[in-house]
Amino acid sequence: MEQVVQDAKDALGMYGKRTILFIDEIHRFNKGQQDYLLPFVEDGTILLIGATTENPYFEVNGALISRSRIFELKPLENADIRELLERAIHDKEKGMGSYRAEATDEALDFWPIWQAETRARRSMRSSLVFSQRNGVEMG
């Protein structure tokens, strides 16, 4: 962590650029580790983004919380995932549309159920493999 902070100080001093520090599962950092980051968050050396599956009001240092904006991300609904998949199938620039891909309603309805955690990124990453095996025709 000390090297990250030093690099952030250098970037701020030499180029006037703040460093974005993303910490996944910030709730696993102990109080001392979280306290270490506080002065650098306060002085703008780093912009801290922390992700946690726990309640941040119980697991993250109160001083960091008071200097934070908290966003609660909720799982996508099946209809949302279906819409993302339909866009990916039909989008000619960013998806499979240039391949004239098609999917049956049954395949699109089944996909979010099969993806138990309903994570859009996982669904999108796996969609090509799924499409080749389950009712999507590449034409």
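**Helix 2 and its surroundings**

In this predicted model, helix 2 is followed by G44, a residue whose phi is positive, near 85°. At the other end, where helix 2 starts, the side chain of N30 places an oxygen within 3.0 Å of the backbone nitrogen of G32.

The buried residues of helix 2 are Q34, L37, L38, F40 and V41. In an α-helix there are 3.6 residues a turn, so residues three or four places apart point the same way. Q34, L37, L38, F40 and V41 are covered by several parts of the chain, including helix 1 (2–15), strand 1 (19–24) and strand 2 (46–51), together with helix 3 (56–59) and helix 4 (62–66).

Two of these covering elements, strand 1 and strand 2, also pair with one another: the two strands run parallel and are joined by six bridges. Among the residues taking part, F22 has I49 of strand 2 as its bridge partner, while I23 is partnered by G50, likewise in strand 2. Taken with the helix, the arrangement is that of a right-handed β-α-β unit, made by strand 1, helix 2 and strand 2.

Notes. Residues are numbered from 1 along each chain as its sequence is written. This is a predicted model: local features need pLDDT of at least 70, side-chain atom pairs count only at pLDDT 80 or more; totals for chains, interfaces and linings use all residues. Side-chain values use heavy atoms; hydrogens and water are left out. Buried means under 20% relative accessible area, exposed over 50%, partly exposed in between (1.4 Å probe, protein chains only). Helices (H or I, at least four residues) and strands (E, at least two) are DSSP runs, numbered from the N terminus. Contact means heavy atoms within 4.5 Å. A polar contact is a pair of N or O atoms within 3.5 Å; within protein, one must be able to donate a hydrogen and the other to accept it, and residues adjacent in sequence count only if both atoms are side-chain atoms. Two strands pair if DSSP finds at least two bridges between them. A crossover is right-handed if, with the strands pointing away from the viewer, the path from the first strand over the helix to the second runs clockwise.
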